[in-house]
There are 2 protein chains.
Amino acid sequence: MDPSPPLAVTAADIDAAARVLAPFAVRTPLLSSPTLDAATGARVLFKAEVLQRTGSFKFRGAFNKMSAIPQAARAGGVVAFSSGNHAQGVAAAAQLLGMRATIVMPADAPLAKRERTKGYGAEVVLYDRLREDREAIARGLAAERDATLVPPYDDAEIIAGQGTVGREIADDLAALGLAPDIVAAPASGGGLVAGIAVAIKARYPNAMVMTAEPEGFDDHARSLRAGRREAHDGKAQTICDALMAAMPGEITFAINRVLGVRGVVASDAEVGRAVAAAFAELKLVVEPGGAVALAALLAGRFDARGKTVVIVLSGGNVDADLFARLIG
Amino acid sequence: MDPSPPLAVTAADIDAAARVLAPFAVRTPLLSSPTLDAATGARVLFKAEVLQRTGSFKFRGAFNKMSAIPQAARAGGVVAFSSGNHAQGVAAAAQLLGMRATIVMPADAPLAKRERTKGYGAEVVLYDRLREDREAIARGLAAERDATLVPPYDDAEIIAGQGTVGREIADDLAALGLAPDIVAAPASGGGLVAGIAVAIKARYPNAMVMTAEPEGFDDHARSLRAGRREAHDGKAQTICDALMAAMPGEITFAINRVLGVRGVVASDAEVGRAVAAAFAELKLVVEPGGAVALAALLAGRFDARGKTVVIVLSGGNVDADLFARLIG
């Protein structure tokens, strides 16, 4: 019996994605804060993916995926559905690749995310998050326009693109002479964590990779405990608009399960305090969904003391009024 | 006649400071924003010194200066006067070097700066900015306590420390295959710009280095035009609490004058819009005084179109309520 069946994404796929992305993506820095080290008793490195093109890691996967669309199929453009960060990633990638983009977004997505998606030249189609099926709308538009659907996470090329976050973390840790004990990143569909897990475990097999989720949107935590995909109960509210997927992806979960990823959660109040800490101590603008791994660390949701911990700050697209409220 | 008399700070002094600082200072990234490139028509690189230890570049000069204090003189500790960023830089450097620090701060300095200075273990002595002489108070305390006074800018070792900002900019530009046309940084006493000018002109003699100041606090712009040190008229108000020095330093001005530095200004309204742009586009928390060079760029205060422009974002220590107001 083979204890580790071949995964849908390998470290070599991530190396290839890194070559595709090199001229276009920002190589985001791995930052440190002596103040937060002292506060947590850990050696903490922050992967500042808020500094990525479009303000979140989503550009990486979208650009890697869309670069692989054959020239003959590019005329029809692309269609995607997203609450906002994937939308901007796809729109910006389409602009760079000279393709048309149509994005299906919930009508209650943050204004900043809708406006910025249009700012990259995409057409935005709004839907009612509670009553309409965004996937059906997107598939209909793609068929009608002969466009390629760019899925948000459950796709090997998307995952390989997001994995470049983990590859850069591994390179920067090596340059610092550090090995990570824990690498924690926000999870919605799980594409970012799956990509990071492949890249990190290839170089640091003993590192623990963690999904961080808002309380009540803990489908990864539940699924990873159960060993099979489970949905969250869908009844909760959260300020983490980027992290509302109902269930882990099939491909992402297969990777995360095999690589021993574990789930942690943080409450909205803890997330708000993490946004405020990033403002005050890191001088970074982090959106609630992007701060949930930091929130789990600062709230003591996992044992970090004495460890080398990497916290991925995955996005910074937050409306000014919500940000003002959280830091006030 | 020698057209370029020897300067008080050389590129070799900055190299030496870089070696002193390497284990302690953050090597801050040089960031880019395709959105702001498109908005300005320039190739803009942002030196994110808000990510420096203590949230501003001031740590560099303070640590370099204080590292040179002989062991025998360290027991008396250090005294400094500062509206906030130098205060934190000195306090953090003192903590790392195991020295006692006393900081003389204006009673109306931002609360965040006062609290954070205390957080690094310093004793804070408040004074009335309009009625008392902070230098006299600081000199009195230094004499009384047998402490070393750490000046905020007009000192060769302070300037050499700040110059490491320029050295890192030059290294990162070289790695990108770029040469700067313009390097602009905020100026109060002029130590940051003087250090940057020495480092940049040593590697890129044709680059233009600029001081950026708030309107009404334009002592560098006036002095550089006049060829001699002139004070601003002292009647204006500004949200740039970090940039209120009355006149360029003697040493800093001698350097800036010889190296052909030019002055630009920006209004408080332009600074506010720059803080908001840094929030929305760069995902960085920049304090008003740290954003004044960005403000001058975005307001078209100098001709940037088609040029490679480096903007130094020098600090990010801003109270949450003011920040919320500026991004709102």
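## Overall build

Chain A holds 13 helices and ten strands. Helices (H or I, at least four residues) and strands (E, at least two) are DSSP runs, numbered from the N terminus. The radius of gyration of chain A is 18 Å, close to the 20 Å from the globule rule for 328 residues, so chain A is as compact as a globular protein of that length. That radius is taken over C-alpha atoms, and the globule rule is 2.2 Å times the number of residues to the power 0.38.

This is a predicted model: local features need pLDDT of at least 70, side-chain atom pairs count only at pLDDT 80 or more, and totals for chains, interfaces and linings use all residues. Residues are numbered from 1 along each chain as its sequence is written, chains are lettered from A and ligands numbered from 1 in the order written, and side-chain values use heavy atoms, without hydrogens and water.

## Burial and core

In chain A, 60% of the 328 residues count as buried. Buried means under 20% relative accessible area, exposed over 50%, partly exposed in between (1.4 Å probe, protein chains only).

The largest nonpolar core has 86 residues. Such a core is a set of buried Ala, Val, Leu, Ile, Met, Phe, Trp, Tyr and Cys residues joined through side-chain atoms within 4.5 Å. Leu284(A), Ile311(A), Leu284(B) and Ile311(B) touch the most other members.

## A buried lysine

Lys47(A) sits in strand β2 (residues 43-48) of chain A. Lys47(A) is buried, with a relative accessible area of 0%. Its contacts (heavy atoms within 4.5 Å) include Arg60(A), Glu168(A) and Ile311(A).

Note on methods: Lists of a residue's contacts leave out its neighbours within four places in sequence.
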